[in-house]
Every structure is written in C-alpha cells, then in structure tokens.
Amino acid sequence: MGIFPRRILRIMSAFWFTSLAAEMEYRVNFLVAAINSLGQLAGTLFTLNILYRKGYHFAGWSWHEALLVVGLFTLLDGMASTLLSPNLSRIVQHVQNGTLDFILLKPLDPQFQLSTRNMSPWGFPNVVFALVLLVYAGMQVPLPAAAYALGIIPMILSGIILYTLWFAVATTTIWFTKVWNATEVLRSFLEAGKYPMSAYPVAYQFFFTFILPVAFLTTVPAEVMRGQHSAAFILIEAAVALTLFVVTRCFWKFALRSYTSASS
Amino acid sequence: MLKKLRILTVTQHALMLAYRAEIYLWVLAHVMPFLMMGVWVTASRSGAGGAGGGGGMAFALTPVDYARYFVCVFIVRQFSTVWMIHEFEWHIVEGRLSYFLLRPMNPLWNYVTAHLGEQLARFPFFIMVLAFFFILYPQARWMPSASAILLGFFTIYVAFALRFALQYCFAMLTFWFERASAIEQLSFLPYVFLSGLLAPLADFPEPARRIAELTPFPYVLSFPAQILMGQITASSPQLYQGFAVIAAWFAGLCLVGQFLWRRGLRRYSGQGA
C-alpha cells in the first residue's frame, strides 16, 4: 500500500477528520472515558502495590520497572480504543448488513479502508496517562533518554501485532457473522499484558509467547527499554510482527473468497 | 406467579440456546480470575512475604488456596453477571418496553428470567471449562462439603439479586439519559477493584479492606467465593455480618429502584405509551 503514499495520507486525514467531527457530538462520553481510564489505572496500580508491599516482586522486575509495563499496556490500550476497536467492530456490522459490498467496490484496498476508516478520541485519556506514567517510571528506574528513542521501535511493532490479532479475529466474521464476543474474548486475554511475563507460571508464559503473543506486546518493549538484549529482542519482535502481518493478510484474502454478499 | 416465572425462564432458555456460541464465548471472556490465579500462585510460591523473610505482610493464603479462591471467583461470576441495562436501554430507545408493559406483570420479571435462562444455557459449557481446569491443575481439586455448596449457591443468588438491584437503579436512568450504560460503566470500576476479583480481600492493606467492606462490592464476589471454598461457614460470625450488609444495601437499592421506575415510567413516551 506504499505505492501512493501521498494519496494514502490524504485519505487517512479525511477519514480521521470526519470521524473526529462525528465523535465530538458525544462530549459527555469523553468525560466518562477519561474518568474511566484514570480509575482503571489507579486500580491497576493499587493491585500491583498489594503484591509489592509484601516484599514480593515479579522475578527480575523492580516496582518502577513493573510500572513501565503498566504504562506500555495503558498506552497500547489507548491506541487500541482510538484506532482499532472503532474500525474492527464495524467489520461485524458491515458483514451483517451486507454493506461490505460498498467497501469492496471502492478503488482502494478494502483491508486498508476497514482498518483506518474510523478513529475515536476515547482512547486519548489513556494515552496521556500512559505517557505520564512512562516518564515518571523511566525517571525512577532510571532510564536514559535514549531508552525512549529505542523503545519506540518495539512499541510500533507491538501495535502491528495487536492490530493483526484483532483483524484476524474480526475477519472470522465473514464465516460466523456474530463474532463481537470473540473480540471480547481476545480483549480479556490481552489483559494479561498488564504485568511482565515473569509474573505468571511457566505454562502461562508458554501460552502467551507461542500461542497468543501477549509477551511481545508489553514485556518485550519494556525489556528493550531497560536495555536487556535490545537488538535481539527487536529482531525477534520484528520477525513476529512481519509474520503475523503477512499471515493475517493472506487470511483476509482467503476469507474474502468465501464472502457471499447480500445481493449475490 | 411462580408458575409464570418458571414458564418465562424455560422460554428464555430456549431463546438463549439459539445464541449458544455467543454465550459460550462470554464464558471464555471471563478469563480474568484465571490470569490473577497465575499471578497470585506464582507470588505465593516465591517465598516472599512476612514468613519468608521479605519484610512485608505475609500472603493470606497458600498457593493451592489461591488457586481454589480464584476458581470460586470464576464460578461466582458465571452465576452473578448482570447485563439487563443493555437490554433495557435497547427496549427504551426502540420503544419495545411498551409490549412488556402490556403484560400483567412487572417487566422486571422479564429481565430476571432472561438472566436465569441464559445461566441455564451456559451451564454445560461452564462445567466443561471447570472440568478442563481441574484436569490441567489436579492439585487444586477439592470436594467442598455439601453445606458449603448449598450455602454457597444460596449466597451466589443473593449476590445476583444485589447486583441486579444495583444495575436496575442505573438502568432506570435510561428514562432520563439515553446512554445510561455509560454511567453504569463507572460502577464497574469499583466492582473490579474492590470485589476481590484481582486480589483476595484478606491481602488488602487494612484501611483499604475496611473501606471495601463498606461498599456492596465484596459481598457480590469474594463473599460467596469464600463460602464456596469453605473459608466462611455457617458458624462464622462473618456470614451473618455479610448477610446483614447485603440486606441493608438490597433494601435501599430496591426503594431507590422502585422510586425511579415509577418516576421514569411517567416520562416514558415510546410508541403506544
């Protein structure tokens, strides 16, 4: 999709501008979302504190390093509710109402259209709180400024991994029609990323690394920021992200072949 | 009345069976207790905490008991989840409440039986998940006494009634604001963090535990779970204390709910009303 980058950029800015304008109709919801994400964050820190005040710490993670993971999780969560969930929840609607036809007819890659059409500002509070937490935790660890620059790479890769997981689940709509609940299942499993992987028993770690790659979403970027085997971690994560992206793309193409539109 | 309720539950169950796959996915979406089980079992095995010499407070339970506690939390949640506000909102916005108002009984019962029917529909899958867990983690197996099961399930339904009453009050706000579920979502926050879903209340710092115990939230989750695992029995004073708090909250919420329902109904202007 990089053939017409300028055209792509223009389309994306038009998409986002219109959806922002539409969402501004619901300003009270934005306030609720802000209170909600602040509460979520406070509660997560409270729970983490219960564990740490016992003198326990996740193997290899100090309090402030664990906060780093919470911050990265909150950041991803905010990005997901801004960019992913408003789009991917709509795929379900498109298939149910047969409006997917309109998208397929447009002279633009359907996966691109479906994935970027909407954006909602409800994730912004999470992003802001996450950045505050990341800066605070980073200063306490302490992390050099270069760590943040280095951390941006695996964070982008995490974003890609998260996107492919959601998109793959949403793609199954084409066969099962009602998969809204399946994305909820995915969401609830992703919650595991709130804590570094060493918080879990080995069996969980295996599952969250090889079956559902939650480990790559938050733990690996945090490891990179801490400067532990950064290069190796980035390479592995890039390989995972690329593989998942290609697989999801093929899966989507394959699914489209079984799509029987409303009118055919 | 009981006969009517039974028939309604049976029909709702039949209705729900049509959406089996979706309901089964809901069961899976409640994976949180199992995640936290992993965290707490790992933590308590590490030997940190008071006795192990970490300097902090000791862990309240042994690793196996943590596993059992979170399984009980999972069970309680399966039977006490309330979602009536979403349906109610939809009924108000689309004017469907009018049909229920025509029936010779309070529409409330329609929602109650829908929940019971849904619980019946998810039951087989719930048992499968539970069996699967005990096969994977045989050390956590235990046989609760008959009295723990009886008392536990009684308490689960008391908890269900309390959560239902709480959500009912929020749902009544739909008469004034169309998106009452957004407001209700805020009550989900204290539920998640104070109910014992993420950590047993015994592990809370003392002041936090005191505050949590004044709210209704621990009584809808951690209280029935502790009864089910046999930590609270018929002879413990906590049992009666717990029921007293639940009764007080329930009575208060019923009054508020009934008041809002009467007031709200006057404002209702769906088709045919």
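I'll start with one residue: A:Asn97 lies in helix H3 of chain A. Helices here are DSSP runs of H or I with at least four residues, strands are runs of E with at least two, and both are numbered from the N terminus. At 54% relative accessibility, A:Asn97 counts as exposed. The cut-offs are these: buried is under 20% relative accessible area, exposed is over 50%, and partly exposed is in between, with a 1.4 Å probe and protein chains only.

Some ground rules. This is a predicted model, where local features need pLDDT of at least 70 and side-chain atom pairs count only at pLDDT 80 or more, while totals for chains, interfaces and linings use all residues. Residues are numbered from 1 along each chain as its sequence is written, chains are lettered from A and ligands numbered from 1 in the order in which they are written, and side-chain values use heavy atoms, with hydrogens and water left out.

On confidence, pLDDT is the predictor's confidence in each residue, from 0 to 100. Chain A has a mean of 87, with 95% of its residues at 70 or more. Within chain A, helix H8 (residues 173-176) has the lowest mean, 80, and helix H10 (residues 202-211) the highest, 93. For chain B the mean is 88, and again 95% of residues reach 70 or more. Confidence in chain B is lowest in its helix H2 (residues 20-29), at a mean of 84, and highest in its helix H12 (residues 222-228), at 94.

Back to H3 of chain A. H3(A) has 35 residues and covers 49 Å from its first C-alpha to its last, close to the 51 Å expected at 1.5 Å a residue. That expected span is 1.5 Å times one less than the number of residues. Where does H3(A) bend? The bend, of about 45 degrees, is at A:Leu84, and a proline, A:Pro86, follows within four residues. A bend at a residue is the angle between axes fitted to the seven residues ending there and the seven starting there. Of the 35 residues in H3(A), 26 are buried. As for A:Asn97, its C-alpha is 33 Å from that of A:Leu75, 22 residues apart along the chain. After the helix comes A:Gly98, with a positive phi near 75 degrees.

Now the loop between H6 and H7 of chain A, which holds A:Pro142. The peptide bond from A:Val141 to A:Pro142 is cis, with omega near -5 degrees. In H6 of chain A we find A:Val127, which is buried at 18% relative accessible area. A:Ala145 belongs to H7 of chain A and is exposed, at 67%. The C-alpha atoms of A:Ala145 and A:Val135 are separated by 9.8 Å, at ten residues apart along the chain.

On a 1 Å grid over the protein atoms alone, a cavity is a set of points where a 1.4 Å probe fits but cannot get out; a pocket is an open set with protein on both sides within 12 Å along at least five of seven lines; and lining residues have an atom within 4 Å of a point. Points are joined across faces, edges and corners, and a volume is the space filled by probe spheres set on them.

The second largest pocket has a volume of about 980 Å³. It is lined by 33 residues, and those closest to its centre are A:Met79, A:Leu83, A:Ile156, A:Gly159 and A:Ile160. Which helix gives the most to this lining? H7(A) does, with nine residues. The lining divides into 24 nonpolar, seven polar and two charged residues. Here Ala, Val, Leu, Ile, Met, Phe, Trp, Tyr, Cys and Pro count as nonpolar, Asp, Glu, Lys and Arg as charged, and the others, Gly among them, as polar.

Last, the structure holds one cavity of 30 Å³ or more. The largest cavity contains about 130 Å³ of space. Its lining includes B:Val82, B:Arg163, B:Glu184 and B:Tyr191. Helices H8 (146-172), H9 (180-194) and H11 (217-220) of chain B each give two or more residues to that lining. By class, the lining of the largest cavity has eight nonpolar, two polar and two charged residues.
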